Amino acid sequence: MLAFNLLSQLVSFALVVACLFGVGVCLHIRYRRVTNSNLRHWLRARRGQGLGIDELARRLDVSEDELRSVDVGYREAFISKRSGGSRRLLIPNSELKRLQRTILRRLLGRLRTHDAVTGFERGLSIVENAAPHVGQAVVIKLDVTDFFPSTRADRIDAYFRRVGWDAECAALLTRVTTHEDGLPQGAPTSPRLSSLVNFGLDRAIERFVCDRRRGVYTRYADDLTISFPKDYPRRIRVVVQFIARRLRCDGYALNRSKIRILRQHQQQRVTGLVVNDCVNVPRHIRRKLRAVEHRLNTGRSATMTREQLAGWKALLQMVEQRRP
């Protein structure tokens with residue numbers, strides 16, 4: 001009986017230690033995520049300390065009064081989506097667009113995004129987004145619902161503080177780059193900001209997918225692509241569930257109607273390019289372009305103009321030049 005009681009106490013002690021260890025690991029992960037492993041810098045940002053309005057005006061080459069009084073206005077526009085329906089765009093007025101372009105060029109362009117991000121990055125294209133997934137056994141394609149509007153203004157404000165601006169500058173920069181509590185789709189700064197502010201999201205997914213499960217991860221704006229050299233259905237479920245949970249942490253929602261799991265016997269497309277054997281434009285598009293060119297050269301009517309055909313041929317050339 002004494003030995004049994006001793007064993008029970010040891011088991012209880014081990015469970016307590018395991019629970020405390022688990023709590024400690026969770027707290028450490030939370031600390032690293034919130035403070036970016038730099039407590040002093042995080043505390044300065046929380047107190048609203050950092051570079052002031054005078055330095056911001058100098059870097060943007062405008063006066064402080066101009067910064068404070070800029071007219072923040074947008075007009076609405078709708079464009080058709082390839083999948084059907086329409087996409088809402090918010091187009092900034094000329095004064096605001098000019099300031100946003102300056103912010104993009106002089107402030108945001110020098111900041112670091114995650115290596116997995118390929119969308120709207122200088123020197124990168126849909127080819128660089130697709131190439132890492134060539135020849136994989138399974139390709140998983142995920143989409144984020146309302147990606148830009150769901151990138152909340154409070155996250156943008158926190159990011160500007162984190163990179164060194166004081167509370168006034170962060171609030172001002174947030175005011176001129178967000179609309180309706182999110183990033184406006186149609187503003188020059190929105191794509192770059194969405195990549196910068198989601199560095200932690202991309203890092204978490206890369207660690208879960210690549211470091212632990214030997215997969216590949218890339219993101220092109222709201223299109224997330226994961227691939228594996230071997231097809232394990234359970235692993236696929238675990239990865240999709242993890243990404244859905246991680247997206248919710250940052251205020252996003254996974255568009256479950258657009259989840260695509262493509263295997264080698266299927267045509268695997270990533271950002272519109274086929275990746276089964278090499279990066280290429282889909283065969284039916286290449287055939288269509290040849291037919292259009294033939295009809296135009298023989299003086300017959302075609303479904304494209306010569307200008308549209310030239311654009312497609314430029315895409316084909318770009319893919320051929322950039323693919324590994």
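Gln-241 is found in helix α12 (residues 233-249), where helices (H or I, at least four residues) and strands (E, at least two) are DSSP runs numbered from the N terminus. The structure is a predicted model, in which local features need pLDDT of at least 70 and side-chain atom pairs count only at pLDDT 80 or more, while totals for chains, interfaces and linings use all residues. Residues are numbered from 1 along each chain as its sequence is written, and side-chain values use heavy atoms, with hydrogens and water left out.

Gln-241 has a relative accessible area of 44% and is therefore partly exposed (buried means under 20%, exposed over 50%, and partly exposed in between, with a 1.4 Å probe and protein chains only). Leu-254 is 13 residues from Gln-241 along the chain, and the C-alpha atoms of the two are separated by 9.7 Å.

An open sheet of four strands shows antiparallel pairing in the order β4-β5-β3-β6 (two strands pair if DSSP finds at least two bridges between them). Strands β4 (216-220) and β6 (260-263) each have a single partner strand and stand at the edges, so one side of each is left without a neighbour in the sheet. From one strand to the next, the twist averages 15 degrees. Four bridges join strand β3 (residues 138-143) to β6 in the antiparallel sense, and Lys-141 stands opposite Arg-260 in β6. Helix α11 (residues 199-211) lies across β4 and β5 (223-228) and runs at about 155 degrees to β4. Contact means heavy atoms within 4.5 Å; axes are lines fitted to C-alpha atoms, for helices over the stretch in contact, and angles run from 0 to 180 degrees between N-to-C directions.

Rings of Phe, Tyr and Trp (its six-membered ring) pair if their centres lie within 6.5 Å, and planes under 30 degrees apart count as stacked, over 60 as edge-to-face and the rest as tilted. By this rule, the count is five aromatic pairs. One of them is stacked, because the ring centres of Phe-147 and Tyr-252 are 5.3 Å apart and their planes are at 25 degrees. Phe-147 lies in helix α7 (residues 147-150) and Tyr-252 in the loop between α12 and β6, so the pair ties together parts that are 105 residues apart in sequence.

A charge sits over a ring if NZ of Lys or CZ of Arg is within 6 Å of the ring centre and within 35 degrees of the ring normal. The charged end of Arg-213 sits over the ring of Phe-208, 3.9 Å from its centre. For Arg-235, the charged end sits over the ring of Phe-228, at 5.6 Å from the ring centre.
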